[in-house]
Amino acid sequence: MASSRSAGRRTRVHVVSDVHGNARDLARAGEGADALICLGDLVLFLDYADHSRGIFPDLFGEENADRIVELRTARRFEEAREFGARLWGGIGTDRAAAIEKAVRKQYAEMFAAFPTPTYATYGNVDMPPLWSEYARPGTTVLDGQRVEIGGRTFGFVGGGLKTPMRTPYEIDDEEYAAKIEAVGEVDVLCTHIPPEVPELVYDTVARRFERGSRALLAAIRRTKPRYSLFGHVHQPLARRMRIGSTECVNVGHFAGTGRPWALEW
């Protein structure tokens, strides 16, 4: 990865989201770029494409992972919670401690794979309080904050909105809107979740609408950034669309593709 920008040279930034344990490809994601941007979801709790991978099957086995995916995909969230509670009750240990131990193991690997410089924000399955322990020099964590890269201003807002899935970093709409407001006018608005537009929030494989942000959509219309970059929806109906003059891009499910999205100017 290039460490500095010469006068007159173009700037190239690579963007990833929804890494979900893919440390191998993450270590190469910054090659040929001046900076890497990560829009969160480093943790792999359960791989919906391969039920043998993640924290859940490591603790409870692939057969139980098959069952909980079946319940969640059918939107039988209450049954899924009850099923999960029975599993946790059967292992005789503290749930929070077991999850944190597994997450710490993944974070050690993920943060070690980040190139320099990396600018990162949280996803809805991440655990923000742990990030400061693993972010090394060269990795800047931003949430409701801005940074300049190659003469352009980038704003970052992490996390997701509250859902029946109850993932670790879900916040209420008011708190999320306040972070969007704090970022203000930027050239590139980087978030984990998309704006609340049906084509951008519908997952064609899971066959459900994920939560997008109305505050983000309003900010795009009001402040007109050049780009709105996000992830969260792994198989969206539309990966890219314009809202006014803003190019809205789902940068992709990095865990599945292993390829960063490139922005050059």
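Predicted model: local features only at pLDDT ≥ 70, side-chain atom pairs only at ≥ 80, totals over all residues.
Residues are numbered from 1 along each chain as its sequence is written, and side-chain values use heavy atoms, with hydrogens and water left out.

View A. Strands here are DSSP runs of E with at least two residues, helices are runs of H or I with at least four, and both are numbered from the N terminus; two strands pair if DSSP finds at least two bridges between them.

**View B. Strands β5 and β6 form a hairpin with two residues between them.** β5 (residues 145-149) and β6 (residues 152-157) run antiparallel and are joined by five bridges, with Phe154 in β6 as the bridge partner of Val147. In the turn, Gly150 has a positive phi of about 55°.

**View C. Helices α7 (residues 173-183) and α9 (residues 214-223) have axes that come within 9 Å and cross at roughly 20°.** That makes α7 roughly parallel to α9, a label for angles under 35 degrees, where axes are lines fitted to C-alpha atoms over the stretch in contact and angles run from 0 to 180 degrees between N-to-C directions. From α7, Ala177, Ile180 and Glu181 meet Ala215, Leu216, Ala219 and Arg222 of α9, contact being defined as heavy atoms within 4.5 Å.

**View D. Glu247, found in strand β14 (residues 246-250), is buried, with a relative accessible area of 12%.** Buried means under 20% relative accessible area, with a 1.4 Å probe and protein chains only. The side chain of Glu247 makes a polar contact with the side chain of Arg240 at 2.6 Å (a pair of N or O atoms within 3.5 Å, of which, within protein, one must be able to donate a hydrogen and the other to accept it, and residues adjacent in sequence count only if both atoms are side-chain atoms). Leaving aside neighbours within four places in sequence, Glu247 is in contact with Arg226, Tyr227, Ser228, Arg240, Met241 and Arg242.

Methods
Buried < 20%, exposed > 50% of the residue type's maximum accessible area, 1.4 Å probe, protein only. Parallel < 35°, antiparallel > 145°, perpendicular 65-115°, else oblique.
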